[in-house]
Amino acid sequence: MPLHQAIARDQVSPRPVYGPEFAARLADELAQLPLPGRMLRIAALGHAVFTTSLGLEDQVLTSVIAATQADLRIVTLDTGRLFAETLALIEATEAQYGISIEVFKPWKDEVDGFVALYGMNGFYDSVEARHACCHARKLQPLGRALADAEIWVTGLRRGQSGNRANAPLAEWDADRCLLKINPLADQSLETLQARAKADDVPVNPLHARGFPSIGCEPCTRAIKPGEPERAGRWWWEQDERRECGLHLSASVSGSRAQSPAHGQPKVTATAS
Ligand code: SF4
């Protein structure tokens with residue numbers, strides 16, 4: 001079935017059912033579109049949720065969503081351990097574009113459970129503890145943010161790390177039963193920096209201080225010249241493919257196993 005017919009069919013369905021084949025065809029189509037066209041096409045597909053971490057990539061996407069008025073929800077995860085600069089950028093972005101960014105926070109009992117078991121900063125002590133913290137502070141809120149979404153939009157870019165080198169423009173996330181779309185997958189850092197500058201996109205001041213990738217404050221450091229973009233994330237861990245677990249698809253990370261503590265998929269060979 002041609003892609004436009006599939007989209008038309010799905011638009012009248014109360015709960016579109018996408019899959020790997022649809023995702024592959026959509027990826028081919030998106031590759032032919034400029035960024036504004038991509039966002040409008042995504043918004044036309046169904047209930048789309050864009051998760052932003054307020055990093056450069058996500059800020060560019062937010063600016064495009066605002067400019068095109070594409071109908072996407074914009075959400076962010078406030079882990080409770082973010083940099084003050086990141087928190088300030090939420091309000092600054094809302095003010096600049098006249099938009100609302102929904103903030104999802106971890107449940108207090110989940111965080112209390114982690115702290116009781118490992119200590120507030122126990123994530124430094126073991127990969128298991130770090131995964132448990134990311135689960136409580138990131139994955140659980142993400143699950144709520146995506147609860148009724150049909151489409152998950154991210155700012156993943158292939159050049160961010162070797163781990164993300166094969167990220168497609170669109171893929172089927174079988175674990176979450178979602179169409180996951182990465183509209184910036186094929187964009188370069190330089191292209192996005194130029195676009196942000198030209199469009200006066202508000203960016204996190206930490207980028208200019210050596211933080212190309214910004215996560216939670218205790219788990220992010222500035223990188224040194226020549227280091228990979230994400231070298232400052234969980235720098236004390238040895239696994240070069242480390243991710244936090246938000247992006248678990250085969251195209252982005254390594255193997256998975258069930259977490260006995262939470263019954264949720266967790267990254268075993270990686271950490272986000
Ligand atoms: S990045 Fe660090 S502080 Fe943030 S949720 Fe993961 S382990 Fe916890």
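How many C-beta neighbours does Q69 have inside 10 Å, and does Q69 count as buried or exposed? With 11 such neighbours, Q69 counts as exposed; a residue is buried if 20 or more other C-beta atoms, placed from the backbone, lie within 10 Å of its own, exposed if 12 or fewer, and partly exposed in between.

## Basis of the model

This is a predicted model, in which local features need pLDDT of at least 70 and side-chain atom pairs count only at pLDDT 80 or more, while totals for chains, interfaces and linings use all residues. Residues are numbered from 1 along each chain as its sequence is written.

## Overall architecture

The protein has eight helices and eight strands. These are DSSP runs numbered from the N terminus, with helices (H or I) of at least four residues and strands (E) of at least two. Of the 272 residues, 41% count as buried.

Two residues are in contact if their C-beta atoms, placed from the backbone, lie within 7 Å. Among contacts between residues at least 6 apart in sequence, 70% join residues at least 24 apart. P34 is found in the loop between α2 (20-31) and α3 (35-45), and counts as exposed with 8 C-beta neighbours inside 10 Å.

## Nonpolar core

In soluble globular proteins, nonpolar side chains tend to be buried together. A nonpolar core is here a set of buried Ala, Val, Leu, Ile, Met, Phe, Trp, Tyr and Cys residues joined through C-beta atoms within 7 Å. The largest one has 51 residues, and A48, V49, I151 and V153 have the most contacts inside it. Helix α7 (residues 127-145) gives the most to this core, with seven residues.

Leaving aside residues up to four places away in sequence, I151 touches I42, L45, G46, H47, A48, L178, L179 and I181.

## Strand pairing around β6

Two strands pair if DSSP finds at least two bridges between them. Strand β4 (residues 151-153) pairs with strand β6 (residues 178-181) in the parallel sense over three bridges, and L179 in β6 is the bridge partner of I151.

Strand β5 (residues 170-173) pairs with β6 in the antiparallel sense over four bridges, with E171 opposite K180. β5 and β6 form a hairpin with four residues between them, and C177 in the turn has a positive phi of about 50°.

Helix α5 (residues 84-97) has 14 residues and reaches 20 Å from its first C-alpha to its last, close to the expected 20 Å; the expected span is 1.5 Å times one less than the number of residues. Its buried residues are T86, L89 and T93, and what covers them includes α4 (56-68). Just after α5, G98 takes a positive phi of about 65°.

Two residues in loops have a positive phi without being glycine. L54, with a phi of about 70°, lies between β1 (48-51) and α4 and is buried, with 26 other C-beta atoms within 10 Å. Q69, with a phi of about 55°, lies between α4 and β2 (73-77).

## Ligand surroundings

The ligand is surrounded by 13 residues, of which the closest are C133, C134, R137, C216 and C219. This shell divides into seven nonpolar, two polar and four charged residues; Ala, Val, Leu, Ile, Met, Phe, Trp, Tyr, Cys and Pro count as nonpolar, Asp, Glu, Lys and Arg as charged, and the others, Gly among them, as polar.

How values were computed: A residue is near a molecule or strand if its C-beta atom, placed from the backbone, lies within 6 Å of it.
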